[in-house]
Amino acid sequence: MRNKLVILLLISILVGACKTTQQPYLVEENGTVHVPAYVLPESSFLSEESKMVLKKEREEKANANQLMQKACPQPKNSDKDAWEAYRECTIQHFYTTPVYTNMLKRYKVDIAVDTIGGVYTEVFTPAEGIKETNKNKVLISLHSGAFLYGSRTFSHLESIPIAALGGIKVISIDYRVGPEHQFPAASEDVATAYKALLKEYEPQNIGIYGIAGGGALVAQSMAWFQKEKIPLPKAVGMVSMAAAQPRPKTDSMHMVSATLGFNGVAPFTYFEPYYGSNPNFNDPLLVPLQSEEVLSKFPPSLLIVSTRDFHLSSVVYTHRQLVKLGVEADLHVWEGLGHVFMNNAELSESREVFKVVVDFFKQWLS
């Protein structure tokens with residue numbers, strides 16, 4: 001009875017601000033909770049400015065998605081040529097979107113293409129030049145996109161502000177993704193580029209961060225580096241995803257997916273082309289949370305997530321396990337915002353995230 005009362009109290013706190021039906025909550029013996037339908041308003045902690053930005057973003061995103069789907073239909077199979085053509089089409093379309101053009105207006109950087117260790121990369125340097133204190137330092141960015149998309153698009157949104165604000169070189173790795181490639185192709189590419197950079201930079205002067213799928217890849221890369229006995233970077237950042245599998249049975253995965261949806265597609269469906277239809281989630285190279293030995297060797301870690309992100313539970317749980325194992329770990333949670341909200345630089349909360357990331361690596365890179 002006590003357990004049931006605790007669960008009921010937690011659910012009441014979670015949805016207390018929402019309008020609900022008069023039906024009582026039903027809690028099964030195994031802890032499954034049946035939640036009545038409710039209305040989820042915008043958080044009262046969001047500023048009026050942020051609410052207006054989000055409203056505009058919803059309108060622009062809906063229009064942009066509609067135009068892109070019409071101009072660039074996604075391939076129905078894993079044909080390499082078809083996916084290359086699709087990605088090139090979406091890239092050119094992406095460069096015309098307000099979220100991208102606004103980012104370029106706000107943050108001035110120079111963008112160059114380079115091949116590092118045979119891996120295609122994009123190099124972002126502040127237009128005003130790299131700070132003298134950062135001449136021997138570099139950040140590696142692993143883009144979002146569920147191991148399907150993101151190179152040369154999201155990679156820009158996630159590298160430009162950090163390079164400009166931090167006065168530091170940021171290198172985005174265009175790692176291999178599905179459906180043409182499967183795990184551990186991305187981990188191998190990160191390791192290859194990283195080892196090449198070790199010829200120029202000391203490991204204590206390198207930081208790695210990633211968002212969403214890139215955040216998961218950061219964790220996977222730390223496991224891969226350990227397996228290959230590669231010196232670890234000084235610090236890492238995992239944003240909107242961390243060391244868990246892509247669709248664990250967690251509170252946030254169920255509650256956020258149920259209330260806000262995910263384009264009508266189960267979150268794991270996006271990862272399946274890269275992870276495979278029957279992935280081994282017990283493998284710590286794929287899911288580092290499976291190994292305390294692997295996690296205990298992580299460098300100082302920054303974890304960032306938001307309350308309306310279906311990966312909230314996974315990121316929070318990763319932080320908890322790192323702290324329990326004695327790893328220096330900082331957790332920041334933003335209220336009332338969804339998955340990868342920080343890719344819209346017009347949000348003041350996004351600019352707060354950029355500062356947190358810059359300050360974290362400034363603190364840890366020697």
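## A look around the predicted fold

The protein chain has a secondary structure of 12 helices and 12 strands. Please keep in mind that this is a predicted model. Of the 366 residues in the protein chain, 49% count as buried. Contacts across the sequence are well represented too: taking those with a separation of 6 or more, 72% join residues 24 or more positions apart.

Let us start inside. In soluble globular proteins, nonpolar side chains tend to be buried together. Here, the largest nonpolar core holds 58 residues, and the members that touch the most others are Leu142, Phe147, Ile208, Met238 and Phe298. Helix α7, spanning residues 213–227, gives the most to this core, with 8 residues. There is also a second, separate core of 38 residues, and Leu46, Tyr107, Ala163 and Tyr209 are among them.

Phe147 deserves a visit of its own. Setting aside neighbours within four places in sequence, Phe147 is in contact with the aromatic residues Tyr175, Phe271, Tyr274 and Tyr275, among others. The list of partners also includes Val177, Gly178, Ala186, Gly213, Ala216, Leu217 and Gln220.

|---|---|---|
| α4 | 98–106 | Val99, Tyr100, Met103 and Leu104 |
| α5 | 154–166 | His156, Leu157, Ile160 and Pro161 |

The axes of α4 and α5 come within 10 Å and cross at roughly 20°. Because angles under 35 degrees count as roughly parallel, α4 is roughly parallel to α5. Their crossing is left-handed. By class, the contact between α4 and α5 has 7 nonpolar residues, 1 polar residue and no charged ones.

### Leu26 in strand β2

Finally, have a look at Leu26, which sits in strand β2 (residues 26–27). Is Leu26 buried, partly exposed or exposed? Its relative accessible area is 48%, so Leu26 is partly exposed. Not counting residues up to four places away in sequence, Leu26 touches Thr32, Val33 and His34.

Note on methods: Residues are numbered from 1 along each chain as its sequence is written. This is a predicted model: local features need pLDDT of at least 70, side-chain atom pairs count only at pLDDT 80 or more; totals for chains, interfaces and linings use all residues. Side-chain values use heavy atoms; hydrogens and water are left out. Axes are lines fitted to C-alpha atoms, for helices over the stretch in contact, and angles run from 0 to 180 degrees between N-to-C directions. Helices (H or I, at least four residues) and strands (E, at least two) are DSSP runs, numbered from the N terminus. Angles under 35 degrees count as roughly parallel, over 145 as roughly antiparallel, 65 to 115 as roughly perpendicular and the rest as oblique. A crossing is left-handed if the near helix is turned anticlockwise from the far one by less than a right angle, and right-handed if clockwise. Contact means heavy atoms within 4.5 Å. Ala, Val, Leu, Ile, Met, Phe, Trp, Tyr, Cys and Pro count as nonpolar, Asp, Glu, Lys and Arg as charged, and the others, Gly among them, as polar. A nonpolar core is a set of buried Ala, Val, Leu, Ile, Met, Phe, Trp, Tyr and Cys residues joined through side-chain atoms within 4.5 Å. Buried means under 20% relative accessible area, exposed over 50%, partly exposed in between (1.4 Å probe, protein chains only).
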